[in-house]
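Welcome, and thanks for taking a look at this one. Below is a short briefing to read alongside the model, grouped by topic.

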Amino acid sequence: MNSLTQRKSPSMNSLIEMATNGHFPILENEWINSIFTEKNNLSDAERKKAQKILKRVSEHRSLERQKTVIFSMNNAERTLFIKAFMNLVEGRILDEMPQLH
């Protein structure tokens, strides 16, 4: 996934920044907790789907609209979004704190 593309989106950038501080305003805690019990590596096909889903969410500027998009997703799409989003958050944290590599 081209994470750099998604990180340049102002709305996605804002969400990633909040998430690096532990604040996930558009996600439910149980959704986040459920993905950590699953395999987090994304296949190439999943990456392509995740890119489209991330773009769909980032097209909306308000948190309420983003939340509406996420709540309207089916469980598979939402899980894919969360995995991809967490990968972006991890990348941001590692960019800001290279000593963690």
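How many salt bridges does the structure hold? The answer is four. Please keep in mind that this is a predicted model.

**Overall layout**

- Along the sequence, the protein chain reads α-α-α-α-α-α.
- The protein chain has 101 residues, and 37% of them count as buried.
- Among contacts with a separation of 6 or more, 79% are between residues 24 or more positions apart.

**The nonpolar core**

- The largest nonpolar core has 25 residues.
- Within this core, the residues that touch the most other members are M12, L27, V57, I70, F81 and F85.
- Two or more core residues come from each of α2 (10–20), α3 (29–35), α4, α5 and α6 (75–96).
- Helix α6 supplies the largest share of the core, with eight residues.
- Leaving aside residues up to four places away in sequence, I70 touches I26, L27, W31, V57, R78 and F81.

- Which residues of α5 are buried? They are Q66, V69 and I70.
- Viewed down the axis of α5, these buried residues fall within an arc of 95°, so they line one face of the helix.
- The buried residues of α5 pack against α2, α3, α4 and α6.
- On the face of α5 turned away from the buried side sit the exposed residues E64, R65, T68 and S72.

**How α4 meets α5**

- Two packed helices are described by the angle between their axes and the distance between the axes.
- For helix α4 (residues 44–58) and helix α5 (residues 63–72), the axes come within 8 Å and cross at roughly 145°.
- The contact brings R56, V57 and S58 of α4 against Q66, V69 and I70 of α5.
- By residue class, the contact of α4 with α5 divides into three nonpolar, two polar and one charged.

**Helix α2**

- The buried residues of α2 are S11, M12, L15, I16, A19 and T20.
- One of them, I16, has a relative accessible area of 0% and is therefore buried, since the cut-off is under 20%.
- The C-alpha atoms of I16 and G91 are 9.7 Å apart, while the two residues are 75 residues apart along the chain.
- After α2 comes G22, which has a positive phi near 85°.

**Salt bridges**

- Side chains of opposite charge can pair when their charged atoms come close.
- One of the salt bridges joins E17 and R92, with the closest N and O atoms 2.9 Å apart.
- E17 belongs to helix α2 and R92 to helix α6, so this pair ties together parts that are 75 residues apart in sequence.
- Another salt bridge links the side chains of D44 and R47, at 2.9 Å from N to O.
- Both D44 and R47 lie in helix α4, three residues apart, which is about one turn of the helix.
- D44 counts as exposed at 56% relative accessibility, and R47 is partly exposed with a relative accessible area of 32%.
- K55 forms a salt bridge with E59, where the closest N and O atoms are 3.2 Å apart.
- K55 counts as partly exposed at 46% relative accessibility, while E59 is exposed with a relative accessible area of 53%.

Conventions. Residues are numbered from 1 along each chain as its sequence is written. This is a predicted model: local features need pLDDT of at least 70, side-chain atom pairs count only at pLDDT 80 or more; totals for chains, interfaces and linings use all residues. Side-chain values use heavy atoms; hydrogens and water are left out. Axes are lines fitted to C-alpha atoms, for helices over the stretch in contact, and angles run from 0 to 180 degrees between N-to-C directions. Helices (H or I, at least four residues) and strands (E, at least two) are DSSP runs, numbered from the N terminus. Contact means heavy atoms within 4.5 Å. Ala, Val, Leu, Ile, Met, Phe, Trp, Tyr, Cys and Pro count as nonpolar, Asp, Glu, Lys and Arg as charged, and the others, Gly among them, as polar. A nonpolar core is a set of buried Ala, Val, Leu, Ile, Met, Phe, Trp, Tyr and Cys residues joined through side-chain atoms within 4.5 Å. Buried means under 20% relative accessible area, exposed over 50%, partly exposed in between (1.4 Å probe, protein chains only). The arc is that of the directions from the helix axis to the C-beta atoms.
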